[in-house]
Amino acid sequence: MFQTCGFRDVAVEHHFTLPDYISKLCIYHPDTPPQDLYVYAVYKGKSLENKSVYDAFIFNENRVLWAELNDFQMINPIGI
């Protein structure tokens with residue numbers, strides 16, 4: 001999930017970001033995950049501290065939600 005959110009920052013904002021804060025993480029299926037999982041990330045904008053904010057979701061091939069990340073914030077330590 002972190003890499004998906006970070007890729008958006010590199011591709012759109014042209015800078016690398018690192019994880020900084022997670023408001024909420026829910027893992028719905030702690031058992032062994034299937035071989036294929038899919039990530040859907042939603043860019044929510046910038047925080048007051050100018051951090052990128054995201055929600056991210058992990059699904060299996062049947063669209064069953066495996067994990068959810070809310071108000072995940074990324075900091076910009078290095079520009080490219």
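Asp 71 is partly exposed, with a relative accessible area of 28%, where partly exposed denotes values between the limits for buried (under 20% relative accessible area) and exposed (over 50%), computed with a 1.4 Å probe on protein chains only. The structure is a predicted model, in which local features need pLDDT of at least 70 and side-chain atom pairs count only at pLDDT 80 or more, whereas totals for chains, interfaces and linings use all residues. Residues are numbered from 1 along each chain as its sequence is written, and side-chain values use heavy atoms, with hydrogens and water left out.

Asp 71 forms a salt bridge with Lys 44, the closest N and O atoms being 2.5 Å apart, a salt bridge being defined as a side-chain nitrogen of Lys or Arg within 4 Å of a carboxyl oxygen of Asp or Glu. This pair links distant parts of the chain, since Asp 71 belongs to strand β5 and Lys 44 to strand β3, 27 residues apart; strands (E, at least two residues) and helices (H or I, at least four) are DSSP runs numbered from the N terminus. Lys 44 also meets the side chain of Asp 55 in a salt bridge, with an N to O distance of 3.5 Å. Asp 55 lies in strand β4 and Lys 44 in strand β3 (residues 38–46), so that this contact ties together parts that are 11 residues apart in sequence. With a relative accessibility of 14%, Asp 55 counts as buried, while Lys 44, at 43%, counts as partly exposed.

By the stated rule, the count comes to 5 salt bridges. Among them is the pair formed by Arg 8 and Glu 13, whose closest N and O atoms are 3.1 Å apart. Arg 8 is buried, with a relative accessible area of 19%, whereas Glu 13 is partly exposed at 29%. Together with Asp 9, Arg 8 and Glu 13 are linked in a network of salt bridges.

The backbone was also examined for phi values. Most residues other than glycine have a negative phi. His 14, although not a glycine, has a positive phi of about 65 degrees, and this residue lies in the loop between α1 (2–13) and β1 (15–21). A positive phi, near 65 degrees, is likewise found for Arg 63, a residue other than glycine. Arg 63 is located in the loop between β4 (52–59) and β5 (65–79), and its relative accessibility of 73% means that Arg 63 counts as exposed.
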